[in-house]
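Here's a quick look at how two parts of one chain sit against each other. Have the model open as you read.

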Amino acid sequence: MLIDFLFVLVGGLKFGAIYALGAIGLVVIHKATKTVNFAHGALIMLGAYVTFFLLELFKLPYWAVYVLAPTLVGAVSAFLEFAILRPIRRADMFIVIIATVFLAIALQEAVRLPYDVEMLAVAAVLEGDPLFLGDLIITQESMWIIAGAFLFAILGALLFAQAGLGRSMRAMAQNIRGAQLCGYSVDGVYVFAWFVGGGLAGLAGVFSAPSLGVSPELMVATIVPAFVAAVIGGFDSLRGAILGGLILGILENVAAAYISAGLKSAISFLILFAVLMIRPEGLFPEGRVRKV
Amino acid sequence: MNARSLWRTGLAATALASLTMVAAPASAQQGVSATEIKIGGFGAITGPIAFIGAASRDGMQLAVDQINANGGINGRKLRLIYEAGGTPAEFQAAARKLVEQDQVFAVMIGSGSTGAAAAADYLREKKIPTYALTVAVPKYYDPFAPNMFSGTVPHAKFLAESMFRITTSWGTPKNVALVVTRLAYHKSVADGLKPKIEAAKIQLSVVEEIDSGARDMTAPLVAIAKAKPDVVILAADAAEAGFIIKQAPEKGVRGVKWVLAGSAATDAFAPIVGKLGEGVRSEWFFPYYFGEDKVEMQKFEKAWKAAYTSPPPQRPNLYDMSAYNSMMMMAVALKRAGQTPTWDNVVTAFQSFRNVRASELGSWAADISSPESFGPKDIQGNDRMYQVELKNGKWVVRPGAEYVFDVGGGS
């Protein structure tokens, strides 16, 4: 039935928008620093915890949380680059990747120690009456997540692509030595890229908190789809990351609704393998591949 | 050696042997010394089920501290050795380490059903007194072994009956949906529920399996919306159950009654569902819920908060409660076993339980659970279940909804 499919589609778009926001931060860091940041899910989780603290303990309004949480998580992310990853920047890429994996685990357990709870919950931004479109029902929370996360993802992509701040990161992504010769500071650009990427992760955490709950498990729950979304998009493509997130969200729900609910998690891995084997450059690669 | 020194040596050897024989019973059984009894426990203290294992540890430690502060058991202090695990293999290894390396006297299972299922065969074979805090899976209870006791959470078949009673508590429904996670605990309860629903000639229109930890519930909810059931049973933890109910209205699921497994009736549930949770019913394991104006409950909560001064939110939880009471039951059995506790006489002591409460140890102990009884063929201590309903965002025990089940001499 069409209405069933529309319900599945809206559900997919809602979670796909969060995946997209998660993926875009991952891509920003990778584009500028060539680091695959496996701690990105932990930064999203941190964003959700900051949301909980600011809303529930400090009783701040949501608009303040949308400003403060990305800023704080961005600062933590920049600090991690400065304190942990900078000293090993010239090491083998494998070591850097392993460092981000263990950073993720350390951050996850660091929040679990003082807050060893089943699940923390925060209220939705908008809790009014849902929108009825015939038989289709869309809550204000879903509308805000789909529109808001999508909007912020596009803004993040524009910041990287258009603004002067993004120019330095793009220059570094093209050629580190060339960028240095043009006067860009490697250290400055790296810290800035981690701040922007971490800020986007923090924002994804704010959007995730009411829909996915606040728990240490959010780390794994977000890094996997964000990573798959980034791979679908080509890993260096901001536009691809956004579309990859939306595609993944929809496919997960379609598979769960029409094949088996148990396939929901497995589908992301199937997509990951399929893309890596059939089209490793992703569906929306930024650069052009030429056969020579 | 002359005859005189031979005589002296012989006398000394006899005296030493006599002393050893006198002292022997006190230290004959592993884990028991002149001054302490070692009790082993295991559960997850990191990872997604840490809220079970860490609470189990804390609840048992609170009981141990209270017991020791009040003189211990027959002159000996209790010492809890708690091993961490996270996977079935780790839980099994933890049980082995406790028995073989730490040489504990008894084992308390704080891991929930998954860890209990993994370690059950080993503990059964070792014949060491074992007490499960919150275990429902049949693999723990069957095949029957007299050393394997269970406390607060009973065999899955009783939980299934308890949930079925809640399902019919608004009147017999025509059409029921069931959503179940892949956790051993929930699957075993769901397996017990299905034949009951069919036997009552109620249509079971939807059976949806979800991942433990799932948050996007679009798929099961679309199936439920299509089936239009009167009652939806959620064999899930608080987070999964909460997100199903939260997302239900926007998938067209409205006006249904919700029934929850006892593991979902925690303080984590209400903040997720908000007003949508009003009237949701769940099975429950204790005569009280947290924050109730009841002397015994207040005594427990006060002691817990004094011991753990900066607790995280949602603590103490049901696992703290179960662990506290379970350690008290173990202590009563040890006390009844006398000055020379052995595995056999502790098992016999458990079998002598008839409506035993924690306060048998002293009025300082809080009676927060139902009284426990065992028998030669009855290893299930708790024989009653309760119901709670969410009212104004708080779980409230439903008066008169107690379900007392007959264990029937077996498990």
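## Polar links across the boundary

Between domain 1 of chain B and domain 2 of chain B there are 2 residue pairs in polar contact, both at pLDDT 80 or more. A polar contact here is a pair of N or O atoms within 3.5 Å; within protein, one must be able to donate a hydrogen and the other to accept it, and residues adjacent in sequence count only if both atoms are side-chain atoms. On the side of domain 1 of chain B that touches domain 2 of chain B, the residues split into 9 nonpolar, 4 polar and no charged (Ala, Val, Leu, Ile, Met, Phe, Trp, Tyr, Cys and Pro count as nonpolar, Asp, Glu, Lys and Arg as charged, the others, Gly among them, as polar).

This is a predicted model: local features need pLDDT of at least 70, side-chain atom pairs count only at pLDDT 80 or more, and totals for chains, interfaces and linings use all residues. Residues are numbered from 1 along each chain as its sequence is written, chains are lettered from A and ligands numbered from 1 in the order written, and side-chain values use heavy atoms, with hydrogens and water left out.

## The two domains

In chain B, domain 1 covers 36-155 + 290-383 and domain 2 covers 158-284, with bounds from an automatic or database domain assignment. Their centres, taken over C-alpha atoms, are 29 Å apart.

## Buried area

About 1,100 Å² is buried between domain 1 of chain B and domain 2 of chain B, with carbon and sulfur atoms giving 74% (accessible area, 1.4 Å probe, that two parts lose on being put together, summed over both). In domain 1 of chain B, His155(B), Gln314(B) and Leu318(B) lose the most area to domain 2 of chain B, together 35% of what that side buries.
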